[in-house]
Amino acid sequence: MGEAEKDKNGLVIEGTFDFGFVDPLNIQDRARTATIKTSQPFSNSTLLDIKLASSQGTRRMESAFSVGVSVVDRQVISTRPLPLTLTFKQIHIGRYEDRVEFLFGDSQLKKRFIISRTLKAIVGNRAEHEALMPATPYIPRLRTSRKAVVKVVEGIKPPALNAIPYIGRLPKASIPSTLQSILSSSQSTKDVSAQVRKIFMPTDFNSNTYDPHFKHLLWVEEYKMEQDLERYDMLRTALNRHNNYYYLSVPGLAEKRPSVLIGDRIFVQEQGATDGRWFEGHVHVVRQAEVGLRFHGSFARYSEGGRFHIRFKLNRIPIRRQHQALDTAFSEDRILFPGPGNLSTHPAPRFIDMSMALYNPLIASNPPQLQAIASLFLFPLDHRLSWFSARTGKTITIVEAILQILATDQQAKILACAPSNSAADLIASRLRDRLTADELFRFYAPSRFKSQVPDELSAFTYIRDDGHFSVPPMARMTRFRVVVATCVSASVASGIGMPRGHFSHIFIDEAGQATEPETFVSIKMMADTKTNVILSGDPKQLGPIIRSGIARELGLEKSYLERLMDRDAYNLRICYGKSVVKLIKNFRSHDAILRFPNGRFYDDELQQCGNATLVNAYLNSPLLPSKNFPIIFHAVYGKDDREASSPSFFNIEEVLQIKSYVQKLKDDRRFRTTDADIGVITPYHAQCHKLRTSLRPFADGVKVGSVEEFQGQERKVILISTVRSSKDFVQYDLRHTLGFVANPLAVTRAQAMLIIVGDPQVLSLDPLWRSFLNYIYLNGGWIGPDITWDPNAPVDEAGGYDKAVRTAAQLDMNEFARRMEAEVEEDLDANVDRPWRDVE
């Protein structure tokens, strides 16, 4: 390109080809002028043609620019410069670029030659744009050697750690030194993974090898979690003393980056200390932006105003509880590895044959829900039922099943679990209207704040005199008919001495979002040979968040529910109604929103049954390009940005476009929309921060988060910002480029309208996204610059689109290699945008 842009043969092209910022609301002032000059008195050069790069190739596109000549005689002579008119036509927010090629002919030399110029423009408000620009240039974090903490002065533990009367001690379950050595080696991730597989992972996966298989996966994941916490280490930091507490300001605390709970440990060392000692500070207080620590009494010798190095330590209690469960002797194949032999030989039961009155009359018209409930009752307890769904009323089905079991069997006791507190709260909230405080108990970890508990559930909890959540005396604890807890916190039942087999049924909701070791905390610690285990969830939706790429590759990302669905005993065609029921009535989304994931992931079996007033709420909205198709894909060509030491990406153009949509939604008096109706999903933490900043003045109540943070939630309107732009995509492997881009399954959070803002040139490199974009385009939902490929052409599921783009663009690989050398190692910041989970 450098050679093509050089003036040559005595010709000079002068003018401003960079339009700079163009106000999208100002359709005037879109023209610029330029001239072609020559200083040679006897020039023989004539302008033969003007071409834009966008108009060339297999699929010609309408350019955002036009270049024209207003005179008939195009010979360039010294006394008469050739005038050019440059016009910019695009009105949509984004960055636009094209290349104009001027073809000249020299009549004397009988030669043709080209001089090119690059046309540029940014559509957007300059002031808004500049307010979001990087505060400081991005400087990659360098990998440093972090010396191990050897000398530790123990701190003062908070009362919350003793709030529950556990009868035994948790195993330490420390990472084996040989495994730690391999994980900390300088080998490539691929080589480390191969070594771990060869040395530590059992060759066969069965009931005899089950426990060591998952224990090693937990250790691999723990190692990465601890490594990721290093990102939050702080140097030369002040501590402010007030009474018995030392307060530490923690940037990102409100966003759980890092996640800090009461009872966690933070290590502190005085700046310049030479004795190698670290003081252990236990977290007693957690506020919006700071935590209160208590240290050993000898810490008081440090003067006010001192500076300290800070290290956050991983709370190992949830991991140790999972190890404790794996250490139990429970190893029943009917639970771990069920086969067809574990199923009844009788036909699947029918609800119509049962004399049972429904608690929820809405279920009466839903045959799969009725089937799920019937299957629970007419099979022996040594068989399990598993069902999955996609926003199809599964939690309603769970609640109905629990109530029917309690009504039918007066001896039944139920443990209901879910991976998150929000999902567990949903179960308890729907049971509270039918059960008393003597029948239903919602257990919370002592580290949880009362403000985090729904008001309607407070009567179903137990709080000690010191204000911490706990458990009532054993006599009362064993009388509860239903206990609700998170998957990991369910260990409390065994921990306080409740006997194995006390619960006749163990329900696990949202089982697709939990790791298998989390799921098995309740099963391995409380189930006996007769316990019935019921799973509900959707294996097609997001799985558990795993931070270690090695642990993901070795299988920790695959949930227990997903593993079961691969077994013959859960074949939907053969075993429907016996071991598995698929709920197919979707009560959430408009049919247009549901149609693509339905065909792609659910064999077109889902039936749209949402409330018509709700799901049709935005039909004919002025925002929709196709009035009966409530999906918009808004093509935005932006720029990936990073700032300071954060490797997380943000895209200013997409922030401004999302802001514009939210403003229009709130200003529309016909289609009224509140903050609570809107959700914004984006895969990058930095983009979340920029979006919240932009929306705060007028839409502070709009939730902005990652797709993981929207698990199990819904909004009337969902906006998705995919962030990554094609301008510099060649700096990254395709997996890195698209790895965190919101999966199209995020669309199932939308009830009535879905708006996606992104760069189609990046998204279309992935076959799944290309198919989804084709679906939107062919249904009239596309806004912005036109599609750059044939949407009617069959999509190659094998991919390879990135290679085709690179080949077509004839990329300068030397420049590519130079830019790559400046990039930070991938593994160092691979998890910066993964949220931290609170599993207890």
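The model is predicted, so local features are reported only at pLDDT of at least 70 and side-chain atom pairs only at pLDDT 80 or more, whereas totals for chains, interfaces and linings use all residues. Residues are numbered from 1 along each chain as its sequence is written, and side-chain values use heavy atoms, with hydrogens and water left out.

The secondary structure of the protein amounts to 24 helices and 33 strands; these are DSSP runs, with helices being H or I of at least four residues and strands E of at least two, numbered from the N terminus. Along the principal axes, the C-alpha atoms occupy a box of roughly 105 × 75 × 55 Å. Of the 840 residues, 54% are buried, where buried denotes a relative accessible area under 20%, exposed over 50%, and partly exposed a value in between (1.4 Å probe, protein chains only). The protein exposes about 37000 Å², of which carbon and sulfur atoms supply 50%; accessible areas come from the Shrake-Rupley method with a 1.4 Å probe, and for residues only the protein chains shown count as cover. Among contacts (heavy atoms within 4.5 Å) with a separation of 6 or more, 76% join residues 24 or more positions apart.

Strand β1 is joined to the antiparallel strand β3 (residues 31-38) by five bridges, and the bridge partner of G15 in β3 is A34. Between β3 and β6, which also run antiparallel, there are six bridges, with A31 opposite T87 of β6. The antiparallel pairing of β5 with β6 (residues 82-88) extends over five bridges, and here V67 stands opposite L86.

An open sheet of six strands has parallel pairing and the order β30-β29-β31-β32-β26-β33. Its edges are β30 (703-705) and β33 (782-783), each of which has a single partner strand, so one side of each lacks a neighbour in the sheet. Helix α19 (residues 685-699) packs on this sheet, touching β29 (678-681), β30 and β31 (715-721), and its direction makes about 160 degrees with that of β30. Strand β26 (residues 631-635) and β33 run parallel and are joined by two bridges; the bridge partner of H634 in β33 is I783.

Two helices are mostly covered. In α7 (residues 367-377), nine of the 11 residues are buried, namely P368, Q369, L370, Q371, A372, I373, A374, S375 and L376. In α9 (residues 421-431), eight of the 11 residues are buried, so this helix is largely enclosed by the rest of the structure. The buried residues of α9 are N421, A423, A424, D425, I427, A428, S429 and L431, and they pack against α8 (394-408), β18 (414-418), β19 (440-442) and β20 (482-486).

The structure holds zero disulfides, a disulfide being a pair of cysteine sulfur atoms within 2.5 Å. For C487, which is in no disulfide, the nearest cysteine sulfur belongs to C417 and is 5.4 Å away. C487 is buried, with a relative accessible area of 1%, and C575 is likewise buried, at 5%.

I262 lies in the loop between β12 (245-249) and β13 (265-270) and is buried, with a relative accessible area of 12%. Apart from neighbours within four places in sequence, I262 is in contact with P158, A160, V283, H284, V286, S447 and F449. I262 and V747 are separated by 485 residues in sequence and by 35 Å in space, C-alpha to C-alpha.

Note on methods:
Two strands pair if DSSP finds at least two bridges between them. Axes are lines fitted to C-alpha atoms, for helices over the stretch in contact, and angles run from 0 to 180 degrees between N-to-C directions.
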